[in-house]
Amino acid sequence: MPLVAPIFRPALILVDVQEDFCPPNGSLAVHEGRDIVPVLNDLLKLPFVLKIATKDHHPPDHVSFASNHPGATPFVSTTTIANPANPAETYETQLWPVHCVVGTPGNELLPELDHARIDAVIHKGTDPRIEMYSAFRSPLRDPPLASAVTDLEERLRAADVTDVFVVGLAGDFCVVSSALDAAQLGFATYVVEEGQRCVGGVEGWAKTRAQLEEKGVRVVHADGPEIEAVKALRL
Ligand SMILES: [Zn+2]
């Protein structure tokens with residue numbers, strides 16, 4: 001039997017590397033959020049078949065802003081979101097400071113990112129009624145809400161992607177949700193540890209890491225063999 005090399009078509013997803021998630025001015029700045037940029041720019045130089053950045057892209061009346069709920073406190077209060085097409089389907093979500101509002105400086109991707117190497121930027125969290133951590137879709141599935149499903153899966157399928165590497169902000173919210181969805185959709189999925197930072201800091205990452213590994217997402221390093229395999233695609 002001739003040996004057939006397995007097909008390896010990796011994509012890179014940069015989740016929400018936006019001003020509002022970074023010091024010094026971000027309204028929801030993740031500690032050291034800006035420090036991941038050199039790692040991301042190194043990854044962007046590699047021959048991933050697709051390199052996609054996502055943006056949290058909220059209207060001012062977005063449901064996740066504590067200021068849109070009288071008496072609510074950011075980081076502490078929660079709200080219940082119901083599927084507009086099926087009120088019985090609900091999920092509980094944390095409330096945040098106002099962030100990533102369309103047209104504001106906080107919505108911008110970091111300027112020091114190597115934008116020229118990014119193939120596409122997709123928006124999430126655009127429906128004011130729905131919170132959306134995952135770059136793929138909201139937790140509403142019964143039925144899925146069209147305004148809270150991005151074309152990310154479609155783009156990955158169209159490029160015959162087999163493996164998805166996820167980095168960005170925040171590790172313990174949008175990165176983990178995106179990675180878990182990628183794995184559930186059948187992609188071999190990895191999170192590059194140095195390419196993320198968590199709202200919950202080191203402790204948040206420890207919990208997130210366990211959650212990822214439990215669901216079959218591999219936590220890898222920027223200098224590890226999985227990234228070397230991407231580099232080898234050049235040959
Ligand atoms: Zn948001």
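Tutor: Gladly! This is a predicted model, and we can begin with its largest pocket, which holds about 360 Å³ of space.

Student: What makes a residue part of the lining of the largest pocket, and how many are there?

Tutor: A lining residue has an atom within 4 Å of a pocket point. By that test 19 residues line the largest pocket, and Y133, S134, P139, S177 and L180 lie nearest its centre. The elements that give two or more residues to this lining are β4 and α3. The largest share, seven residues, comes from α3.

Student: Where does α3 lie?

Tutor: Helix α3, residues 171-184, lies across β1, β5, β6 and β7, and runs at about 170 degrees to β6.

Student: In what order do the strands of the open sheet come, and why are β5 and β8 said to stand at the edges?

Tutor: The order is β5-β2-β1-β6-β7-β8, with parallel pairing. β5 and β8 each have a single partner strand, so one side of each is left without a neighbour in the sheet. From one strand to the next, the twist averages 25 degrees.

Student: How do you know that β2 and β5 are paired?

Tutor: Pairing takes at least two bridges. Strand β2 (50-56) and β5 have five, in the parallel sense, so they count as a pair. In one of these bridges, I52 has A120 of β5 as its partner.

Student: And what joins β3 to β4?

Tutor: Six bridges join them, and the two strands run antiparallel. A hairpin of two residues connects β3 to β4. As an example of a bridge, I81 is partnered by Y91 in β4.

Student: Why are D56, H58 and H99 called donors of the zinc ion?

Tutor: A donor is an N, O or S atom within 2.8 Å of this metal. The OD atom of D56 and the NE2 atoms of H58 and H99 lie 2.0 to 2.1 Å from the zinc ion, so they meet the cut-off. D56 in strand β2 and H99 in the loop between β4 and β5 are 43 residues apart, so the pair links distant parts of the chain.

Student: Are D56 and H99 buried or exposed?

Tutor: Both D56 and H99 are buried, which means under 20% relative accessible area.

Definitions and conventions:
Residues numbered from 1 in each chain as written. Predicted model: local features only at pLDDT ≥ 70, side-chain atom pairs only at ≥ 80, totals over all residues. Heavy atoms only, no water. Helix = DSSP H or I, 4+ residues; strand = E, 2+ residues; numbered from the N terminus. Axes fitted to C-alpha atoms, helices over the stretch in contact; angles between N-to-C directions. Contact = heavy atoms within 4.5 Å. Donors = N, O, S within 2.8 Å, 3.2 Å for Na, K, Ca; no water. Buried < 20%, exposed > 50% of the residue type's maximum accessible area, 1.4 Å probe, protein only. 1 Å grid on protein atoms, 1.4 Å probe; cavity = no way out; pocket = protein on both sides within 12 Å on 5 of 7 lines; lining within 4 Å. Points joined across faces, edges and corners; volume = space filled by probe spheres on them.
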